[in-house]
Amino acid sequence: KIKKNTFIFYKRVSAATDISGGISESPRNRVLSSIISKRGPYSRNKNLKEKIEMDTSSYSKRHMLTCFFLGMLFFCMVVESDAQLSENFYASTCPNVELIVRQAVTTKYQQTTITAPATLRMFFHDCFVGGCDASVLVTSDNGDAEKDAQDNISLAGDGFDTVNKAKLAVEAQCPGRVSCADIMALAAREVVVLAGGPGFKVELGRRDGLVSNASRVDRKLPGPELDVNGLVDLFASNGLTMTDMIALSGAHTIGFSHCDRFANRLYNFSTFMPVDPTLDPAYAQQLMQSCPRVGADPSVAVNLDLNTPNVFDNVYFQNLVARKGLFTSDQILFNDFRSQATVIRFANSAEEFNRAFTAAMRKLGRVGVKVGNQGEIRRVCSAFN
């Protein structure tokens, strides 16, 4: 009997030894080592085999359960991260939301083509200040909301009207389910398509922000005087690359600007050169006629793209190559060697530009989003609940 038990023990321990003859350091074998040290190598306990099996089996089960729960926790974390925004977020709660928004935006666009640049610009301004949370839509009785900041005063009313009308249409069919932030993101896509630009999938699931202060806007938006360094830094702070920045600047293929945003390039560029030398001379003269130095009408607006101002295309980049960019921040994209190659590539290929623009728009739509209890779904876009 002793020999039989000894044989069983020897057989099991031998299977657990490594090539050097020592006990291997696996969790199972550490249990074996512990039992050996307590009972001695030649224990007469007839239940040794069962004891070893019970202890190691118990450890293995605990180990497996731990790994299982850790794996499930990791899986849930990944799923939650990926599920923050999704293209079918409203599949069960408002399945026709995209069609509803499309119809409302189309109706507004048919009334005035200003709808396109106004809505697109408003979406950009919203995302760059506190994230894409529709905080730019909030109205304050004290005049200190985000929309009241100096850089946002020029936002066209048609952009606000577009989103508000789309929200009313959505609320009529899906009350309290779709955020203003998501409606604005969808509206921005729709106006690009209506103006002749590319379509793209819009990720949804944003909540509307709970804060809207004019003070938050300072130095968050690109001014018309920025150089490439300033543009790159500002866009990088929002997780966007230089290529993203150049592609999104292509939104200036539609829209307009008032004279005071670029008059310095015509009359006060420098002491010895009043006119910006990087500006095409004939184009400069054309701008001077629209925006005279004295007696200029502050309501006069000049198209950002002098050739196809109401069409979303790549002509904006062709204008930069021809030195006909309206803002310093436009023309510098061609003048600076770091961004020049991309400008030329987009100027030569509408397909290249469209691909880069749609990718950048999707990335822009993820900037600073609020999900879950980080925000709310406003009943009216211009006011907190």
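Guide: Let me start with a term: a cavity here is a set of grid points where a 1.4 Å probe fits but cannot get out. This is a predicted model, and its largest cavity has a volume of about 90 Å³.

Visitor: How many cavities of 30 Å³ or more are there?

Guide: The count comes to 1 cavity of 30 Å³ or more.

Visitor: Which residues line the largest cavity?

Guide: The lining is made by Phe123, Ala185, Phe200, Lys201, Val202, Glu203, Arg206, Met361, Arg362, Gly365 and Arg366. By class, the lining of the largest cavity divides into 5 nonpolar, 1 polar and 5 charged residues.

Visitor: Switching to the open spaces, what is the volume of the largest pocket?

Guide: The largest pocket holds about 1,100 Å³ of space. It is lined by 41 residues, of which Arg121, His125, His252, Arg261 and Phe327 are the closest to its centre.

Visitor: Which elements give two or more residues to that lining?

Guide: Those elements are helix H5 (115-128), helix H8 (228-236), H9, strand S1 (256-258), helix H13 (328-335) and H15, and the largest share, 7 residues, comes from H5.

Visitor: And what is the lining of the largest pocket like by class?

Guide: The lining of the largest pocket has 25 nonpolar, 10 polar and 6 charged residues.

Visitor: Now the helices. At what angle do H9 and H15 pack?

Guide: Helix H9 (residues 242-249) packs against helix H15 (residues 350-364) at an angle of about 105 degrees, and their axes are 8 Å apart. Angles of 65 to 115 degrees count as roughly perpendicular, so H9 is roughly perpendicular to H15.

Visitor: Which residues make that contact?

Guide: From H9 the contact takes Asp244, Ala247 and Leu248, and from H15 it takes Phe353, Ala356, Phe357, Ala360, Met361, Lys363 and Leu364. By class, the contact of H9 with H15 has 8 nonpolar, no polar and 2 charged residues.

Visitor: What about H8 and H9, how do their axes cross?

Guide: The axes of H8 and H9 cross at roughly 105 degrees and come within 9 Å, which means that H8 is roughly perpendicular to H9. In this contact Val228, Leu231, Val232 and Phe235 of H8 meet Met242, Met245 and Leu248 of H9, and by class there are 7 nonpolar, no polar and no charged residues.

Technical notes. Residues are numbered from 1 along each chain as its sequence is written. This is a predicted model: local features need pLDDT of at least 70, side-chain atom pairs count only at pLDDT 80 or more; totals for chains, interfaces and linings use all residues. Side-chain values use heavy atoms; hydrogens and water are left out. Axes are lines fitted to C-alpha atoms, for helices over the stretch in contact, and angles run from 0 to 180 degrees between N-to-C directions. Helices (H or I, at least four residues) and strands (E, at least two) are DSSP runs, numbered from the N terminus. Angles under 35 degrees count as roughly parallel, over 145 as roughly antiparallel, 65 to 115 as roughly perpendicular and the rest as oblique. Contact means heavy atoms within 4.5 Å. Ala, Val, Leu, Ile, Met, Phe, Trp, Tyr, Cys and Pro count as nonpolar, Asp, Glu, Lys and Arg as charged, and the others, Gly among them, as polar. On a 1 Å grid over the protein atoms alone, a cavity is a set of points where a 1.4 Å probe fits but cannot get out, and a pocket is an open set with protein on both sides within 12 Å along at least five of seven lines; lining residues have an atom within 4 Å of a point. Grid points are joined across faces, edges and corners, and a volume is the space filled by probe spheres set on the points.
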